[in-house]
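Me: Please take a close look at one part of this structure: the salt bridges and what surrounds them. Keep it brisk.

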Amino acid sequence: MLRTIKYFFYTFFTAVILVSCGQGETLQRYYVDHQEAKNFISQDFPLSMIEIDKSNFTEQQQEAYNSVDKLNFLGYKASQENADTFKSELSKVKAILSNEKYNDLMEFSDKGNKISVKYLGTNQEAEEIILFGSSPDMGFGIVRILGDDMSPDKMITLI
């Protein structure tokens with residue numbers, strides 16, 4: 001009897017661990033897995049490396065700018081030779097970003113080129129802002145904006 005209870009406990013515990021770990025692919029995992037893959041380019045930028053004229057910023061824009069620590073970029077260059085791979089990778093990214101944990105901020109579309117802005121967090125504070133752009137001719141790019149106390153509303157004015 002004691003052996004059966006132990007077996008049940010270990011089986012239950014293992015099942016709980018496996019289920020909690022299998023929450024699907026995340027954007028961060030996608031970055032790590034593809035940062036050195038063929039046709040991908042990745043770069044991390046501390047905000048201090050990017051030259052931006054802040055002299056005309058409003059107070060909200062200045063607050064939004066100061067809340068950003070760094071930017072992570074991952075891009076995929078499309079060509080005729082890798083059209084199938086491009087479509088596959090684009091589908092993977094879209095599937096990740098369609099997860100309900102990513103909140104929509106804004107979206108643009110022009111002649112097949114699309115840009116969407118999403119965020120993780122609440123309406124008052126975003127943990128990260130995601131800019132995702134795609135073009136059938138050029139490829140796609142993802143920018144993760146990471147920082148502290150980022151407000152989605154203020155970030156819209158900066159973007």
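Reply: The side chains of Lys 92 and Glu 89 meet in a salt bridge, 3.3 Å from N to O. A salt bridge here is a side-chain nitrogen of Lys or Arg within 4 Å of a carboxyl oxygen of Asp or Glu. The model is predicted, so local features need pLDDT of at least 70 and side-chain atom pairs count only at pLDDT 80 or more, while totals for chains, interfaces and linings use all residues. Residues are numbered from 1 along each chain as its sequence is written, and side-chain values use heavy atoms, with hydrogens and water left out.

Lys 92 and Glu 89 sit three residues apart in helix 4, so about one helical turn separates them. An α-helix has 3.6 residues a turn, so residues three or four places apart point the same way. Helices (H or I, at least four residues) and strands (E, at least two) are DSSP runs, numbered from the N terminus. Lys 92 is partly exposed, at 35% relative accessibility. Glu 89 is buried, at 9%. The cut-offs: buried is under 20% relative accessible area, exposed is over 50%, and partly exposed is in between (1.4 Å probe, protein chains only).

Contact means heavy atoms within 4.5 Å. Phe 140 belongs to the largest nonpolar core, which has 18 residues. Such a core is a set of buried Ala, Val, Leu, Ile, Met, Phe, Trp, Tyr and Cys residues joined through side-chain atoms within 4.5 Å. Leu 27, Phe 140 and Ile 142 touch the most other members. Among the elements that give two or more residues are helix 2 (27-34), helix 4 (83-97) and strand 6 (139-150). Helix 4 gives the most, with five residues.

The structure holds four salt bridges. Another one pairs Asp 104 with Lys 118, their closest N and O atoms being 2.5 Å apart. Asp 104 lies in strand 3 and Lys 118 in strand 4, so the pair ties together parts 14 residues apart in sequence. Asp 104 is exposed, at 58% relative accessibility. Lys 118 is buried, at 12%. The strands themselves, strand 3 (residues 102-110) and strand 4 (residues 113-121), pair antiparallel over eight bridges. Two strands pair if DSSP finds at least two bridges between them. Phe 108 stands opposite Ile 115. Two residues lie between the strands in this hairpin, where Lys 111 takes a positive phi near 55 degrees.

Next comes Glu 128, which forms a salt bridge with Arg 144, the closest N and O atoms being 2.8 Å apart. The pair links distant parts of the chain, with Glu 128 in strand 5 and Arg 144 in strand 6, 16 residues apart. Glu 128 is buried, with a relative accessible area of 9%. Arg 144 is buried as well, at 8%. Leaving aside neighbours within four places in sequence, the contacts of Glu 128 include Leu 27, Lys 118, Tyr 119, Arg 144 and Ile 145.

Strand 5 has its own link to strand 4. Eight bridges join these antiparallel strands, and a hairpin connects them through four residues. Tyr 119 has Ile 129 of strand 5 as its bridge partner.
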